[in-house]
Amino acid sequence: MNTQIKLSVSTLNVQECVDWVMSPETGGIDVFIGTVRNATKGKAVVRLEFEAYDKMAIAEMEKITQQALTNWPIQRILIHHRTGVLQIGEVPVVIAVAAAHRDAAFEACRYIIDTLKQTVPIWKKEIFEDGEVWVAAHP
């Protein structure tokens, strides 16, 4: 198995994600770690709330990983995404891509996060000091 996809309400462990994609054949690992920041467009963020249509989200992430495996010589791909309430500094998404060469890992990782943002049914509610708003998962 060269892919691992997970939706979880539990804290994501970045080191475990990196460890899972490592192998003796790997020459480069690219990791994207999305974090909850304390402000958006000058407004103070209190927390984020993520919701997903789980079955469809996992199917879309599987489709994205298969496209990446087809387009680049990738050895392993991991996508982990949180749902539920996340506080400032917490990690809602980790994408790790391992390849023999760094260019493939960089390009595939960028493709995966960009495509995930466009196609995967995960929604984010930003809770500000003065209200809240629903937005796409990773604008």
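Author: Contact here means heavy atoms within 4.5 Å. The model is predicted, so local features need pLDDT of at least 70 and side-chain atom pairs count only at pLDDT 80 or more, while totals for chains, interfaces and linings use all residues. Residues are numbered from 1 along each chain as its sequence is written, and side-chain values use heavy atoms, with hydrogens and water left out.

Start with I74. Neighbours within four places in sequence aside, I74 is in contact with A68, L69, V97, A98, A99, A104, A105 and A108. I74 is also among the residues with the most contacts inside the largest nonpolar core, along with M61, I77, I95, V97 and I112. That core has 30 residues. A nonpolar core is a set of buried Ala, Val, Leu, Ile, Met, Phe, Trp, Tyr and Cys residues joined through side-chain atoms within 4.5 Å. Buried means under 20% relative accessible area, exposed over 50%, and partly exposed in between, with a 1.4 Å probe and protein chains only.

Elements are DSSP runs numbered from the N terminus: helices are H or I, at least four residues, and strands are E, at least two. The largest share, seven residues, comes from α3. Another core, of eight residues, lies apart from this one and includes C17, V21, V91 and V94.

Helix α1 (residues 14-21) has C17, V18 and V21 buried. Its buried residues pack against β2 (28-34), β5 and β7.
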